[in-house]
Amino acid sequence: MKKNKLVVAFLVLCTHGIMQAQEIKEKQLFIKDADDKFPISDALILYNNGTDHTHSGADGSFQLKSSSFPDTLVISHDGYDQMKWVVSSGDKKSRTVFLQHKPFQISEVAINHSSFLSAITKVDLNKFPVNSAQDLLRKVPGLFIAQHAGGGKAEQLFLRGFDADHGTDVSVNVDGMPVNIVSHAHGQGYSDLHFIIPETVNNIDFGKGAYYMDRGDFDTAGYVDFQTYDRLKNSMVKLEGGSFNSKRILGMFNIINDPVGRKNAYVATEYNYTDGPFDVKQNFNRVNIFGKYNQWLTDNDYFNIQFSTFNSSWNASGQIPERAVNEGIIDRWGSIDPTEGGSTSRTNLQMNYKHIISSSEHLDAMVWYSHYNFNLYSDFTFYLKDKDHGDEIQQTDGRDIYGAEFKYTKNFSLSNGTLDWISGLGFRNDDIGTLQLNHVYRRDLLLDRLSDVTGVETNLHAYSGLIWKTGKWTINPGLRIDHFIFNLHDLLNVEAPSGPSSEATRLSPKLNFSYAANDKMMWFLKTGMGFHSNDIRVVVQEKNSKTLPYSVGGDLGVRLHPFKSLIITPTLWYMFLQQEFVYVGDDAVVEPSGKSQRYGADLGIRFQPLENIYLNADLNYSHARFTGEAKGEDYVPLAPVVTSTGSVNWDFLNGFSLGLQYRYLGSRPAVEDNSIRTKSYFVNDLVLSYNRAKWGANIQVNNLFDVKWNEAQFATETQLQNETVPGTDLTYTPGIPFGVKVGVYYKF
């Protein structure tokens, strides 16, 4: 009898526990985005009349505490309208609260939040929209760009005292997929972003330095990750046209727009054409297609697949010697070799999967594939090497790239704070079918095959780290390991075996600190090691060269929010680089150089004195020197010294917007002894737009004051056809003159 009573008591307790657990579960609240229905993590919930608070988990949920009933919950998150939710003891079922997006304002940016940097660019994008890949890159604070091949080649990148060529020291990604191409025909880390349709970009994530455990190859000066929209609010058609016979057609179309938000899909297409201001018409053509499909398979499982492709061709005026213009041989818009130009294409397929294991645990997975082709004709030295046919070269690259990334995140609640554990692993494989450098005559005649290889380059990597928040402190240690396998087959060496190979491993520790003194001031110290990989032709054929040269550096700075309308971010930084890669006139490969060190300062300002007036400015100074050279002969060629970008935007008369933006690049050494220096420039662009709910129009004025400026500049030894001896001076691509572009759009 006693035994039966114990069993009954046990069953009663279990039943009570189950009912109590069910009641707790039933009193769970979920917070989601009103547009895409994606859970919003880390939303702030104030309860007990604002005396207590909690945050939503990875699945957007939190538990309603019956001890606070009745109560009015105040729910908020950066970028969303605040919501008040009345709860009472009678609430038995789980509820979902949908937060509505609102335009980002400077006053809404939290300086102590992990998304601070992307929040800053979100404000910039909201206040000054973009309509070209170049505009996108210019939205990254501190990043400076130059174009010097008819608009078809990837932009040249400048960041943190690096002339990073086309991506050697800047890791570039789109939705997490790498854009940099290793061992590229034109330059290590070559990053062509022209497959992005600008209007599909929702936000830009970025970071300076090598302090991020989930970023690997080329993350020395920093990284940039462009994030596209998961869904469109409206379908849209846009038409643009302007100076130099420029025209652009854009179409963005909702294919599936589930009102419940469980799934959606859209397609975007774009066509660009321009003749450019040059004597030889650029005949620049580019076609882009982008598609994206998203679906919540269950409440905890999310799937995404996206596709993009682009194809472009162009003529280029080339880099012209300064003396050729001064002597009247050509004018600024002329060409020494009128047959420069090229074509390129890239097709990408990417799939993402997210599984929410619990409110404190989730798994992210991504697989991707790219098919890439590149064909470029350039002439940097003219008649220096071949007095009869000239020195035009052809660089070709054809490959298939595929990879995968997996990330696991676990959140722990501690008595004195929180702890996030993040770990990941992945791989990337470049199957290089064509990698050539040829000496050609006017594109048509092959004179000599200078380099012809195939190969496979594989990168295996893993990382793990912690984010510990306790009191006002955040401590973030991390460790990353990268292993590279290089296999090369030299097709010009018939006596070579199946192909030599090489392997290398790099460990990259990271350790970051931040201290939030209050809501208006947060100090941070970032430290870490990064690396950039070397070209496969250097690694395998020159065994003594560094394979994965490392960088080590640190940032010390503060984020200041003295009042709601102003954010100031001054930073001091230092970096040592084991091996520099410098421009050598495309003689077949990137040429490894010596050790270098850099230090400098960054200053960012965001000011919104009125809701309809917004100003931003970024000022950057850097000092770059080789460490193993004599003083006075230790300058790093083309390393930027002073750069600055900024804009002011004014919204007025219920729909009109006027924006003025500037960019400044100071003079810098073009050779190691500083005997030749580039010319500085200061260029302004103006945009006037009118926007309504369904339609709008804009006028864009480039180079508002019609200044003469040189965009890409190099010190190069060249010889013209009528010269008996070569000369070394600045060669440059002239920056675009005054031009006007007009656009109209319609939403439906």
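**Close-up 1. The buried residues of helix H2 in the predicted model.** Phe116, Ser118, Ala119, Ile120, Thr121, Lys122, Val123, Asp124, Leu125 and Lys127 are the buried residues of H2. That makes ten of the twelve residues in this helix, so H2 counts as mostly covered, with buried meaning under 20% relative accessible area. And what does the covering? For the buried residues of H2, the cover includes strands E13 (201–208), E29 (550–563), E30 (566–577), E33 (596–610), E34 (613–626) and E35 (642–652). As for the helix itself, H2 runs over residues 116–127 and reaches 17 Å from its first C-alpha to its last. That is close to the 16 Å expected at 1.5 Å a residue.

**Close-up 2. Leucine 193, a buried loop residue.** Look for leucine 193 in the loop that links strand E12 (177–178) to strand E13. Is this leucine buried or exposed? Its relative accessibility is 5%, so leucine 193 counts as buried. Setting aside residues up to four places away in sequence, leucine 193 touches Ala133, Leu137, Val172, Val174, Val179 and Phe226. Glutamate 155 sits 38 residues away along the chain, yet its C-alpha is 8.4 Å from that of leucine 193.

Close-up 3. Which of the elements gives the most? That would be E16, with three residues. With a relative accessible area of 45%, isoleucine 249 is partly exposed, because it falls between the 20% and 50% cut-offs.

**Close-up 4. Aspartate 729, a buried acidic residue in strand E40.** Strand E40 spans residues 727–734, and aspartate 729 is part of it. Why is this aspartate called buried? Aspartate 729 has a relative accessible area of 12%, and the cut-off for buried is under 20%. So who's around it? Leaving out neighbours within four places in sequence, aspartate 729 is in contact with Pro321, Glu322 and Arg323, with Ile676, and with Phe714, Ala715, Thr716 and Thr718.

Technical notes. Residues are numbered from 1 along each chain as its sequence is written. This is a predicted model: local features need pLDDT of at least 70, side-chain atom pairs count only at pLDDT 80 or more; totals for chains, interfaces and linings use all residues. Side-chain values use heavy atoms; hydrogens and water are left out. Helices (H or I, at least four residues) and strands (E, at least two) are DSSP runs, numbered from the N terminus. The expected span of a helix is 1.5 Å times one less than its number of residues. Buried means under 20% relative accessible area, exposed over 50%, partly exposed in between (1.4 Å probe, protein chains only). Contact means heavy atoms within 4.5 Å.
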